[in-house]
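Please read the following report alongside the sequence and the structure. It goes from the meeting of the chains to the parts within each chain, and then to pairs of charged side chains.

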Amino acid sequence: MSFAFVALSTLFAFGCLIGFESALANADARITAIVLESATQNQALLRGENIERSARLVESQIAGLHLSDSLQEQIAALFADLEAIARRRDLRVTAFRHEGSARFEVTVEGEYPATLAALADLSTSHVAAQASTVLFERANGHVRAAFSLDVFRLGEGSAHAHLP
Amino acid sequence: MIGVDFRNPGLVERFRSTVAGFVGRARTFRSGLLIIGVLFAFIGLEAVRFGSVLHNMHVLERRRDALRLEVQNMETRIKAIRERRTALLNALARRRSNADLAAKIAAVSDLVSNSMGLTHLRAAPDGFDIEGRGTNLTDIRISLARLESSFDRPATFELRRDEMAPGAVSFHFDIANK
C-alpha cells in the first residue's frame with residue numbers, strides 16, 4: 001500500500017473526525033439551548049399551575065357574589081340581602097324597582113343613622129352592587145333613603161361586561 | 001521446455017529477493033490497512049455518537065414543542081383567569097365603595113350643626129347636594145363655613161327665609177365633583 005494512499009486515507013479520516021466533532025459541538029449547543037428553553041417553560045408551567053389553583057378561589061368568590069348568575073337569581077339574592085339588612089337595622093323596604101339593564105332603585109324608611117348603616121351594609125352583601133346615587137329626605141320624623149344600585153354581572157363574552 | 005536450475009546462484013538470489021519483496025509489501029499493506037481500519041473505526045464510532053446525539057436532540061425538540069404548546073394553552077387560560085380576577089376585584093372594590101360613601105355622607109352630615117335639621121341630602125357621582133332648615137343664623141353660618149372648608153372644590157349655597165315656618169331659614173349647599 002503506497003504511502004500516498006495511507007496519507008490520503010488518514011487525511012480523509014481526520015477530516016471526517018473534525019467534521020463530526022464540529023457537528024457534535026453544534027448539536028450539543030442546540031441541545032443546551034433546548035434544555036434551557038424547556039426549563040424556562042417548565043417554570044412557566046409551574047407558575048401557571050399556581051395561578052390555576054388560585055383560579056378556584058376566584059371562581060368560588062365569583063359564585064359567592066352571584067357574578068355569573070342570571071339577572072333573576074341576582075334580583076332574588078339582592079332582595080334577600082335588603083330584607084336581611086332592613087330587619088337588622090329596623091328599617092322598612094318601601095320600594096324595589098328594576099330600572100332596566102342592571103340598575104335598581106331601592107327605597108328604605110327609618111332612622112337616619114339606620115339608613116346610613118344600611119348603605120354601609122351593602123358593602124358586605126352577597127350581591128356586588130354599588131350605590132351610584134343616594135338621596136336622603138326627612139319627612140314626618142323619619143328618613144326616606146333612596147339608593148340607585150348598579151348590580152354587576154360577568155357576561156359570557158367578556159369578563160368586563162356589565163361593569164360600568 | 002521451461003525449467004529452473006536451482007544450481008544457478010543468481011536465480012536463487014533473485015527468488016529470495018522477490019519473496020522478501022512480497023513479504024515486505026504484505027507487511028506494509030497490513031500496517032496501512034491497520035491504520036486505515038483504526039481511523040475508520042473512529043469515524044464509525046463518531047458517526048454512532050453523532051447519530052445518538054441527533055436522536056436525543058430530536059426527542060428533546062419534540063418534548064420542547066409539546067411544552068411550548070402546553071404553555072401557550074396555559075397562557076390562554078391564565079389570560080381568562082386574570083380577566084375574571086380583575087372583574088372580581090373591580091366588583092369587590094365597587095361593592096366596598098358603599099361603605100366609603102356612607103362614611104363620606106356621615107362626615108358631611110356631622111359638619112352640619114345639630115340645631116339644624118337636614119331635610120335633603122343627595123350624594124351622586126357629580127357631587128353633593130344638601131338642604132336643611134334652622135332658626136339660629138349663627139349655627140347656619142358656622143355649618144356652611146365648615147362645609148365649605150371641608151371641600152377643596154368650589155361650592156354654591158343659598159339661604160332663604162322659610163315662608164312656611166316663621167323665623168326659620170332654609171339653606172341649600174351644592175358642591176360639584178371636579
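## Salt bridges between the chains

Between chain B and chain A there are 6 salt bridges, counted in a model that is predicted. One that can be looked up joins B:E61 to A:R30, where the closest N and O atoms are 2.5 Å apart. Side chains of opposite charge can pair when their charged atoms come close.

## The extent of the interface

The size of an interface is often given as the accessible area lost when the parts come together. Here the area buried between chain B and chain A is about 5500 Å², and carbon and sulfur atoms give 70% of that area.

## Chain A and its covered helix

Chain A contains 3 helices and 4 strands, and when these are read along the sequence they follow the pattern α-α-β-β-α-β-β. Of the 164 residues in chain A, 43% are buried. Among the contacts in chain A with a separation of 6 or more, 53% are between residues 24 or more positions apart.

Helix 3 (residues 112-121) of chain A is mostly covered, with 8 of its 10 residues buried. The buried residues in helix 3 of chain A are A:Y112, A:A114, A:T115, A:L116, A:A117, A:A118, A:L119 and A:D121. Which elements cover the buried residues of helix 3 of chain A? Within chain A the cover includes helix 2 (71-89), strand 2 (103-110), strand 3 and strand 4 (142-151), while from chain B it includes helix 1 and strand 1.

## Paired strands in chain B

Strand 4 (residues 169-176) of chain B is likewise mostly covered, for 6 of its 8 residues are buried. This strand of chain B runs antiparallel to strand 2 (residues 127-134) of chain B, and 8 bridges join the two; as one example, B:G134 stands opposite B:V169 in strand 4 of chain B.

Strand 4 of chain B also runs antiparallel to strand 3 (residues 155-161) of chain B, to which 7 bridges join it. In this second pairing, B:R161 has B:V169 in strand 4 of chain B as its bridge partner. In a regular strand the side chains alternate between the two faces of the sheet.

## Charged pairs within the chains

Over all chains, the whole structure has 17 salt bridges. One of them joins the side chains of A:R89 and A:D121, with 2.8 Å from N to O. Because A:R89 lies in helix 2 of chain A and A:D121 in helix 3 of chain A, the pair ties together parts that are 32 residues apart in sequence. A:R89 is partly exposed at 31% relative accessibility, whereas A:D121 is buried, with a relative accessible area of 10%.

A further salt bridge is formed by the side chains of A:E99 and A:R97, at 3.3 Å from N to O; A:E99 is partly exposed, with a relative accessible area of 38%, and A:R97 is partly exposed with 46%. In chain B, the side chains of B:D65 and B:R68 meet in a salt bridge of 4.0 Å, N to O, and because these residues are 3 apart in helix 1 of chain B, they are separated by about one helical turn. B:D65 is partly exposed at 38% relative accessibility, and B:R68 is partly exposed with a relative accessible area of 34%. B:D65 and B:R68 belong, together with A:E37 and B:R64, to a network of linked salt bridges.

Conventions. Residues numbered from 1 in each chain as written. Chains lettered and ligands numbered in written order. Predicted model: local features only at pLDDT ≥ 70, side-chain atom pairs only at ≥ 80, totals over all residues. Heavy atoms only, no water. Buried area = accessible area lost by both parts, 1.4 Å probe. Buried < 20%, exposed > 50% of the residue type's maximum accessible area, 1.4 Å probe, protein only. Contact = heavy atoms within 4.5 Å. Pairing = 2+ DSSP bridges.
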